[in-house]
Amino acid sequence: MIRILWEIEDYESDINPVFQKTLSDIIEYAMETEHLTGDYEVSLSVVSADQIRELNANFRQIDRITDVLSFPMYEREELDEIEEKKEYEDYEVNIGDIVLCYDRAVEQAKEYGHSLKREICYLVTHSIFHLLGYDHMEEEEKQMMRTREEQVLSHFHILREE
């Protein structure tokens with residue numbers, strides 16, 4: 001079971017309860033496909049361009065706007081060990097934070113010619129896989145991550161042409 005800690009004050013009309021449920025389902029399904037089925041928690045914040053630029057500068061020393069930032073709490077091996085030992089039975093394990101830039105998502109949806117829903121779902125899916133230990137620095141890693149992302153989004157019929 002996944003619990004999402006939502007930080008969406010300025011975006012509640014766009015990230016409404018129905019959309020929140022979709023995002024929660026996507027995160028939970030991604031974790032299930034990775035065999036992480038215990039009680040987990042993730043923070044999901046939706047912020048402005050200025051806010052994400054500041055976070056990117058502070059945490060990555062990159063002073064520019066980005067679409068999403070992921071802040072994992074564990075290495076993948078640690079998550080697998082928690083799952084194996086059922087260390088989540090008495091509490092929820094916080095796996096990390098997702099910070100999504102709403103302004104950038106709007107721009108990218110237009111740029112890529114698909115819906116804002118698809119863009120936000122993609123960014124959340126991308127970020128959850130970062131929290132689960134995936135990366136895309138090497139081409140082989142990138143292909144593996146992209147394949148996993150598309151499998152999850154396809155499960156929910158959230159396709160590129162949407």
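Which residues does the UniProt annotation "binding site" cover? The views below start there. This is a predicted model, where local features need pLDDT of at least 70, side-chain atom pairs count only at pLDDT 80 or more, and totals for chains, interfaces and linings use all residues. Residues are numbered from 1 along each chain as its sequence is written, and side-chain values use heavy atoms, with hydrogens and water left out.

**View 1. Three histidines carry the "binding site" annotation.** According to the unreviewed UniProt entry, these are His126, His130 and His136. The lining of the largest pocket takes in His126, His130 and His136 from this set. (UniProt positions are given in the numbering used here, feature names are shortened, and annotations may be inferred rather than shown by experiment. On a 1 Å grid over the protein atoms alone, a pocket is an open set of points where a 1.4 Å probe fits, with protein on both sides within 12 Å along at least five of seven lines; lining residues have an atom within 4 Å of a point.)

View 2. His130 lies in helix H5, residues 116–131, while His136 is found in the loop between H5 and helix H6 (139–155). (Helices are DSSP runs of H or I with at least four residues, strands are runs of E with at least two, and both are numbered from the N terminus.) With a relative accessible area of 18%, His130 is buried; His136, at 27%, is partly exposed. (Buried means under 20% relative accessible area, exposed over 50%, partly exposed in between, with a 1.4 Å probe and protein chains only.) The side chains of His136 and His126 make a polar contact at 3.4 Å. (Such a contact is a pair of N or O atoms within 3.5 Å; within protein, one must be able to donate a hydrogen and the other to accept it, and residues adjacent in sequence count only if both atoms are side-chain atoms.)

**View 3. Arg53 and Asp63 form a salt bridge.** Their closest N and O atoms are 3.0 Å apart. (A salt bridge is a side-chain nitrogen of Lys or Arg within 4 Å of a carboxyl oxygen of Asp or Glu.) Arg53 sits in helix H2 and Asp63 in the loop between H2 and strand S3, so the pair ties together parts ten residues apart in sequence. Arg53 is partly exposed at 36%, and Asp63 is exposed at 52%.

**View 4. Arg118 meets Glu150.** Here the salt bridge is 3.2 Å, N to O. The pair links helix H5 to helix H6, 32 residues apart. Arg118 is buried at 1%, whereas Glu150 is partly exposed at 23%.
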